Amino acid sequence: PARMGLPALALLLAAGLLPTQASPPARSFQLDYEGDCFRKDGAPFRYISGSIHYARVPRPAWRDRLLKMYMSGLSAVQVYVPWNYHEPLPGVYDFAGDRDVEAFLDLTAELGLLVILRPGPYICAEWEMGGLPAWLLWKPDIVLRSSDPAYLAAVDSWLHVLLPKIKPRLYQYGGNIISVQVENEYGSYYACDYGYLRHLLGSFRALLGTEVLLFTTDGAQAWELRCGTLQGLYATVDFGPDSNVTEAFGAQRRVEPKGPLVNSEYYTGWLDYWGEAHASTSSARVAQGLEDMLQLGASVNMQVPGAGFHALDSTRALFLPLLMLPRPGADFKDQYKPVTTSYDYDAPLSEAGDPTEKLFAIRTVISKFQALPLGPMPPSTPKYAYGRVALQKHANLLDVLDVLCPSGPIQSQFPLTFEAVKQAHGFVMYRTRLPRHVLDPATLGAPPHSVCDRGYVMLQQEYQGTLERDGQTTLRVTGREGDTLDVLLENMGRINFGANVSDFKGLLGNLSLDSIPLSNWLIYPLAIDTAIQQGWPHTALPESSSRGRAGPAFYTGTFETPSIAWDTFVKFPGWSKGQLWINGFNLGRYWPTRGPQQTLFVPGSVLHVGHPNNITVLELEGAPPTPFLLFLDRPLFNRTLSRSTMATE
């Protein structure tokens with residue numbers, strides 16, 4: 001027979017008249033409303049997921065933590081993207097090193113984990129201001145998480161930077177991101193601005209495409225779901241092991257009558273506040289609640305209670321409580337409640353990456369519903385107790401203002417907030433002079449709620465005491481006309497949940513002396529982190545002044561590791577409150593007199609092998625007579641010790 005020419009063959013193929021090799025089905029991740037489930041590549045699918053915060057885990061530990069989550073039987077991880085971690089100043093972006101979210105997402109794919117992405121723009125996460133950048137408050141009347149044009153302009157600018165990095169990693173395009181959350185627990189916010197949610201929906205669709213599954217997460221109360229949900233966004237709920245599973249999913253069913261049941265934040269723990277007991281949640285209760293949900297066919301993400309440099313109302317738990325860049329937020333529950341530095345609130349995988357009894361209880365439940373990966377669980381990371389390290393006083397903070405504020409002070413008739421002087425975190429010094437002789441004790445006071453968050457008061461360079469938000473707001477002082485009054489203001493973390501996320505810092509009102517306002521202030525925004533990262537104070541000679549041990553001062557010391565640098569925990573015997581850096585890395589706040597956290601986690605990756613490790617401590621209230629730190633091989637979380645008790649340990 002005559003051969004068929006190539007043009008004719010092409011025509012027949014195009015017309016579908018000749019058999020062809022079957023092409024692989026298109027990758028898809030979709031909702032099945034009839035089957036009340038997800039469908040992955042057309043097949044019914046249910047995920048069991050755990051949360052991990054890459055911003056709280058040092059990059060060298062990413063693989064270890066993710067592998068342990070994979071070996072626990074999880075099919076997915078849930079990942080927050082903190083906006084303020086990547087855009088510290090307007091239009092200034094940082095995706096390098098520990099902030100390389102693309103590298104983190106690529107690692108999850110390499111290890112065979114799917115991803116549920118939560119890019120905000122608001123994330124809560126017990127993270128400073130819920131991930132929103134403090135520079136948004138440079139416009140004092142901005143309405144956050146709303147249709148305010150100034151807020152939307154900043155959000156749109158950020159999303160146009162972030163989401164193009166995400167799109168190629170979506171499941172539909174060959175990646176491993178199966179779904180993307182829009183906003184977070186918006187139903188718990190006072191604004192209830194559906195126009196804002198519609199704007200976000202339009203932006204996410206425009207930048208990620210029409211196929212990606214977009215969803216919301218809210219508490220399981222009717223009022224939370226009323227303002228947090230929107231047509232076009234699949235509504236999920238969050239709740240913990242103390243909730244009635246049937247009732248909680250019943251709340252989801254009232255807004256999503258069909259489709260998969262999803263608990264996007266199943267709390268395996270709860271957060272710690274300074275001054276309260278360490279949170280713990282029963283492993284048996286966590287495991288039973290998980291089993292109850294899985295028996296209903298639900299998809300579940302396990303969250304460990306969260307914190308960081310934060311302070312606020314209620315937030316959640318995380319599967320993996322990790323550390324890093326101290327950015328804890330705060331809650332507001334009748335009063336300001338800053339959260340501890342550590343994010344380990346009785347998590348299944350500890351801050352140091354150690355599998356716990358709770359992790360194995362969860363793993364046992366998962367094994368009843370799907371096969372576990374073959375092979376053993378990776379072991380706990382090795383720890384080392386480096387022991388006692390002596391410190392020496394380097395300088396009182398007041399003696400090094402030229403180093404910490406090289407551009408000099410800002411002059412103002414009345415105090416300015418952190419935001420007004422464009423300082424996001426850390427400390428600002430406020431200085432004025434007494435306008436008259438005060439021979440009999442007079443009351444130095446602040447209006448209610450105007451010290452945000454702690455003010456360390458010095459008169460003629462002598463420490464007088466501390467003013468505190470929702471705490472002590474007056475001190476009795478004496479002095480002479482012209483004496484220098486210094487107040488060091490500390491940001492303890494912006495509120496990260498609820499109506500109060502517009503949390504301005506510094507002196508929000510004027511200080512007064514016997515009700516007469518003080519004026520003519522010099523305001524020093526302090527760049528302490530920057531100075532320490534550049535090698536100070538270890539590259540400088542100690543200051544000759546050695547006045548007392550009370551009040552803000554810097555202490556330094558060094559130690560060497562054996563031939564390998566292992567994780568460790570540092571304890572602060574006899575110290576009051578302050579901040580720790582090792583080799584320029586900010587390891588966060590210590591506050592043993594208030595507790596419950598007594599130690600700070602030091603990842604081995606920040607330590608040097610073969611040459612000294614530089615320790616810098618900023619003690620704010622008073623160091624012990626013989627200052628030293630104690631490096632241990634285990635953490636101490638649940639103790640609030642008195643100063644006298646600690647000094648004898």
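R454 and E621 are both buried (under 20% relative accessible area with a 1.4 Å probe, protein chains only; over 50% is exposed, and in between is partly exposed). Their side chains meet in a salt bridge, 2.4 Å from N to O, a term for a side-chain nitrogen of Lys or Arg within 4 Å of a carboxyl oxygen of Asp or Glu. R454 lies in strand 21 and E621 in the loop between strand 34 (613-619) and strand 35 (628-632), so the pair links parts of the chain 167 residues apart, with helices (H or I, at least four residues) and strands (E, at least two) taken as DSSP runs numbered from the N terminus.

The model is predicted, with pLDDT of at least 70 needed for local features and 80 or more for side-chain atom pairs, while totals for chains, interfaces and linings use all residues. Residues are numbered from 1 along each chain, and side-chain values use heavy atoms, without hydrogens and water.

Side chains of opposite charge can pair when their charged atoms come close. The structure holds 33 salt bridges. One of them joins D453 to R469, with the closest N and O atoms 2.7 Å apart; D453 and R469 are both buried. Another joins R253 to D36 at 3.9 Å. Here R253 is partly exposed at 23% relative accessible area, and D36 is partly exposed at 30%.

Turning to the strands, an open antiparallel sheet has the order 15-35-30-33, where pairing requires at least two DSSP bridges between two strands. Strand 15 (387-390) and strand 33 (599-602) are its edges. Strand 30 (residues 568-571) pairs with strand 33 over 4 bridges, and F569 stands opposite F601 in strand 33.
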